[in-house]
Amino acid sequence: MAMEITNYLLAAQAADAKVRTEAETSLKQFQEQNLPAFILSLAAELSNNDKPIESRRLAGIVLKNSLDAKDLSKKEQLVQQWMAIDINAKSQVKNMLLRTLESQSPEARHTSAQVIAKVAGIEVPQKLWPKLIGTLLTNMTQQDKSAGLKQATLETLGYICEEISHQDLVQDEVNSVLTAVVQGMNMAEHSSEVRLAATKALYNALEFAQTNFENEMERSYIMKMVCETALAKETEIRQAAFECLVSIASTYYEVLEPYMPTLFELTSNAVKNDEEAVALQAIEFWSSICDEEIELQEYEGETGDSAAHFCFIEKALSSLVPMLLETLLKQEEDQDQDDSIWNISMAGGTCLGLVARTVGDAVVPFVMPFVQENISKADWRAREAATFAFGSILEGPSTEKLSQIVGAGLDFLLTAMKDQNNHVKDTTAWTLSRIFEFMHSPAGGFSVISSANLQKILAVLLESTKDSPNVAEKACGAIYYLAQGYEDAGAVSSVLTPYLEAIFSCLISAADRSDVGDSKLRTAAYETLNEVVRCSNVPETTNIIAQLLPAVMNKLSQTIDIPVLSSEDREKQGDLQALLCGVLQVITQKLSSSDETKSIVLQVADQIMILLLKVFACRSSTVHEEAMLAIGAVAYACGTQFEKYMPEFYKYLEMGLQNFEEYQVCAISVGVVGDICRALDNKVLPYCDGIMTLLLKDLSSGELHRSVKPPIFSCFGDIALAIGADFQKYLPYAIPMLQTASALCAQLDAEDEELLDYGNQLRRSIFEAYSGLLQGFKNSQSDLMAPHASHLLQFIDLVVKDVKRDEAVLKAGVAALGDVADALGPSVKPLLMERQSAYGALLNECAESGDEQLKETAQWAMGMIRQALMMMAEVRRLE
């Protein structure tokens, strides 16, 4: 039974904090004590036209939040609560919501549409509200119904399509919904509010229209209505229509060919003449076509299969590129100061970049005349647009096509870093970073940078780190890619060594600037510093990097004493500490990569650990993450000597493993457990009871984000490898978890890309866990794993049969197969004999792979299986 809650809802919005808190508490108590009555009361408030709009608004918001949440576990809990409510009470709520669509208040209608969709998201997939779609469609077909009701109904249909899958409706329902929506777009019959709601509803319903788009007559009718609506006199309706075209471009690319001349004319006119909001969607249409064609090319390249590729971009090139180039001249005065600005110029440049990736060399002759014509003009807009155009086409065309042009233009760009206009300098620095990203690969045999021009390039870029913050940030990006190009370049990377001290000095000065404000300069400077360290050539740069280490430690030490008087101060302190911990991690990893230089880290390990533990004490989750990663690097460097830090560090590790809310922290903490196990070996044993308890708790938790769970299984393998036979007491807990996870892998929807990725992570980590367990028990009590060999081999069988198998999963599965044979020997011969043919074919295929690591693993596994079979034969001979 509904209760009168108007006064509580109004009081919950009062200016007086005390009144507000008391009302919120009363509402919360009502919700907890009698949820059905609470829901019913909210629906009654929302549907009552005599109530104040303020109380109705809040009632709708609270009702919606009682049905849905962003957090998946919370959402599931709310769904179960709704399902548990008496069917009569739910019917009353639903009827009140449907009646509210007729309300005189647009706000009440809008809120009701959202809540109906949330209920539909729960009930329609389970066929618990079979009359919903029919009821809504009746609102559209009856002549005497108001425009307000029709608008709210269309809005509701759109929201429902967002909440449910196309599989939840039968085709007749889909047809009826699409008919109602498309008819609602009819200019002659409906008001602008109804047409806008209809167009937005179509956008949400397009995923449901697959069968309709396969029928030429139905498809053409939908396309005709959308194209006509794109010419409506109301800007908002035109924008919504172009949004539909963007969605159609990506969802129904393969049937667009007959409509492309019309679509080009529509989009071209919009880009040149329409309001910016509409023009942006028109450009986005072509970006979506590019995305589709790039994906098709990648698919053809990977599989060798041909797909429906209509080369729309290539065919439109001569008209499309000039249209996009014109948009580059429509910059905003302050767009260089804010990376979040999205305008017609930015959209045009982004689309041009996608065009270049789609057609490659063919784009160059259409763009270069524009660059040459505008690059030296007095108007800054022309110079900036020319530079932006040049930078946008650097990914896609071949090195052969671009090398001469880039080589000739590099000096000009370096000079342009002194341009009088900040926009031009900003875009020039970005273009240089793109040149170094795509045209500087000494290891690949080509680079625009040579010993002759490196000094000049670095002099310009280092000087530019002192320019305005946005230009300095882009200059850091250019240095980042310049350094990255020398990765894996061997002795060639030595050319950078004489400049390292100057680079480090300029980057640290850039990070320390007081005028950075909200810019990303500090982050860019430290990330670039990390990349220069990572790509430098050890051991010749050892002394320079070793001098950097105490400087970074000193900066980190200073942050601990920063006065923290507000949450903003805390956030700034945390951000800076996170960046410095990141630098500390990279330096530690670099110096630890060689036995000759590892001693430098060991000499200061105590000071590093003291610093990192102080950082943990600041209790900032951001820092926690970066500090954890740094500690993992220290553990690797110290090896068994890390044991002395464990008593103090362990409490923070425990906190990390229990941090469900900030699950990235939890995931990194799991990774650090692996680092510590590899460092300490069996010296980690005193901490294993606590660690295993927390890991098992994490796996059992419904609150913890699922992405953390695969690394936990891998961690079981790390622990078993470290402590060997002492892992025995954890087997009764670990094995059932592995078996449950294996069963889950078989149930995951292979069509869902996100679930497919998660399934691959889970499979790989299960194999890694088994490999660790088998190797951990190999030298003592290997018989403990014998009962579980059958389950593991059945799991490997699934991977063998999976035609969509992921290469990383395959590698881990082959390694686990070799580990079974290696650790269990003759005892698994019968199981191996049963599968000899399938495994032989699999391993032979892997042994022919172009992936050297997979090839080596397969050859090793073959040897282990052969050895296990021979050992069994030898045992029988001796008997």
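Predicted model: local features only at pLDDT ≥ 70, side-chain atom pairs only at ≥ 80, totals over all residues.
**Entry 1: charges over rings**

I began with Arg706, which lies over the face of Tyr758, and I noted 5.0 Å from the ring centre. Next I looked up Lys598. Its charged end sits over the ring of Tyr636, 5.3 Å from the centre.

**Entry 2: rings that pair**

How many aromatic pairs does a search of the whole structure find? I wrote down 17. One of them joins Phe30 and Phe38 in an edge-to-face arrangement, with 5.4 Å centre to centre and 85 degrees between the planes. The label follows from the angle, because planes over 60 degrees apart count as edge-to-face. I also checked whether these two residues are covered: Phe30 is buried, and Phe38 is buried too.

Then I turned to Phe767 and Phe795. Their aromatic pair is tilted, with 5.0 Å centre to centre and 45 degrees between the planes. I liked this pair since it links distant parts of the chain. Phe767 belongs to helix H36 (residues 753-777), Phe795 belongs to helix H37 (residues 789-801), and the two are 28 residues apart.

Why does Phe767 count as buried? Its relative accessibility is 0%, so it gets that label. Phe795 counts as buried because its relative accessibility is 3%. The cut-off I needed here is that buried means under 20%.

Ring pairs tie together Phe616, Phe642, Tyr645, Phe649 and Tyr652.

**Entry 3: a cavity**

The search of the whole structure turned up 1 cavity of 30 Å³ or more, and the largest cavity holds about 30 Å³ of space.

Which residues line the largest cavity? I listed Phe767, Ile796, Val799, Val809, Leu810, Gly813, Val814 and Leu842.

H37 and helix H38 (807-824) each supply at least two of its residues. The largest share, 4 residues, comes from H38.

**Entry 4: domains**

To finish, I looked at how the chain is divided. Domain 1 covers 256-299 + 309-329 + 343-397, and domain 2 covers 705-876. I noted 49 Å between the C-alpha centres of domain 1 and domain 2.

Terms used
Residues numbered from 1 in each chain as written. Heavy atoms only, no water. Phe/Tyr/Trp six-rings, centres within 6.5 Å; stacked < 30°, edge-to-face > 60°. Buried < 20%, exposed > 50% of the residue type's maximum accessible area, 1.4 Å probe, protein only. Lys NZ or Arg CZ within 6 Å of the ring centre and 35° of its normal. Domains from an automatic or database assignment. 1 Å grid on protein atoms, 1.4 Å probe; cavity = no way out; pocket = protein on both sides within 12 Å on 5 of 7 lines; lining within 4 Å. Points joined across faces, edges and corners; volume = space filled by probe spheres on them.
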